[in-house]
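Good morning, and thank you for coming.

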Amino acid sequence: TFVVTEPCIKCKYTDCVEVCPVDCFYEGPNFLVINPDECIDCGLCAPECPVEAIMEEDEVAGDQQSFIQLNAELAQQWPNIAEKKPSPPDAKQWDSVTDKKHLLER
Ligand code: SF4
Ligand code: F3S
């Protein structure tokens, strides 16, 4: 399965949702997640993300492991998103910020 990781926080460009053939992205206030039970591992979304937040589960780095569980958990709570929408006005300034975990809103 594919997993959304830390770089998405406060960027939320939503380019990823446009290409997903099974519409398995779910949207929170400042982050998206993939429902691992619905993802068919097509890999189409990963190259669409401008901040490279999406990768296969077995490629998730050590400091990003908590996002595997977070994707599964939050996909059960958040609404589905299947169409691109405008990113936050300050998204660009968060592109290169690496420590954003504590800013994730539920
Ligand atoms: Fe959707 Fe494919 Fe990405 Fe899974 S890998 S979230 S099915 S686009
Ligand atoms: Fe997030 Fe990248 Fe999608 S920033 S919303 S995973 S395009």
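The protein chain has three helices and four strands; helices here are DSSP runs of H or I with at least four residues, strands are runs of E with at least two, and both are numbered from the N terminus. Please note that this is a predicted model, in which local features need pLDDT of at least 70 and side-chain atom pairs count only at pLDDT 80 or more, whereas totals for chains, interfaces and linings use all residues. Residues are numbered from 1 along each chain as its sequence is written, and chains are lettered from A and ligands numbered from 1 in the order in which they are written.

From the N terminus on, the order of elements is β-α-β-β-β-α-α. The C-alpha trace spans about 30 × 30 × 25 Å along its principal axes.

Let me turn to contacts and burial. Two residues are in contact if their C-beta atoms, placed from the backbone, lie within 7 Å. Among contacts between residues at least 6 apart in sequence, 80% join residues at least 24 apart. Of the 106 residues, 32% are buried. A residue is buried if 20 or more other C-beta atoms lie within 10 Å of its own, exposed if 12 or fewer, and partly exposed in between, with C-beta atoms placed from the backbone.

Which residues have the most contacts inside the largest nonpolar core? They are Val 4, Cys 16, Phe 25, Leu 32, Val 33 and Ile 34, in a core of 26 residues. Such a core is a set of buried Ala, Val, Leu, Ile, Met, Phe, Trp, Tyr and Cys residues joined through C-beta atoms within 7 Å. At least two of its residues come from each of S1, helix H1 (15-19), S2, S3 and H2. Leaving aside residues up to four places away in sequence, Phe 25 touches Cys 16, Val 17, Cys 20, Leu 32, Ile 34 and Ile 81.

Helix H2 contributes the buried residues Phe 67, Leu 70, Asn 71 and Leu 74. These lie on the same side of H2, because they cover an arc of only 100 degrees around the axis, the arc being that of the directions from the helix axis to the C-beta atoms. Their cover includes strand S1 (2-4), strand S2 (25-27) and strand S3 (32-34). On the face turned away from this buried side, H2 carries the exposed residues Gln 69 and Glu 73.

I come now to the ligands. Ligand 1 is surrounded by 13 residues, the closest being Phe 2, Cys 20, Cys 39, Cys 42 and Cys 45; a residue is near a molecule if its C-beta atom, placed from the backbone, lies within 6 Å of it. Around ligand 2 there are 14 residues, with Cys 8, Tyr 13, Cys 16, Cys 49 and Ala 53 the closest.

Finally, two loop residues. Asp 23, in the loop between H1 and S2, has a positive phi of about 45 degrees although it is not a glycine. Glu 52, in the loop between S3 and strand S4 (54-56), has a positive phi near 50 degrees. Glu 52 counts as exposed because 11 other C-beta atoms lie within 10 Å.
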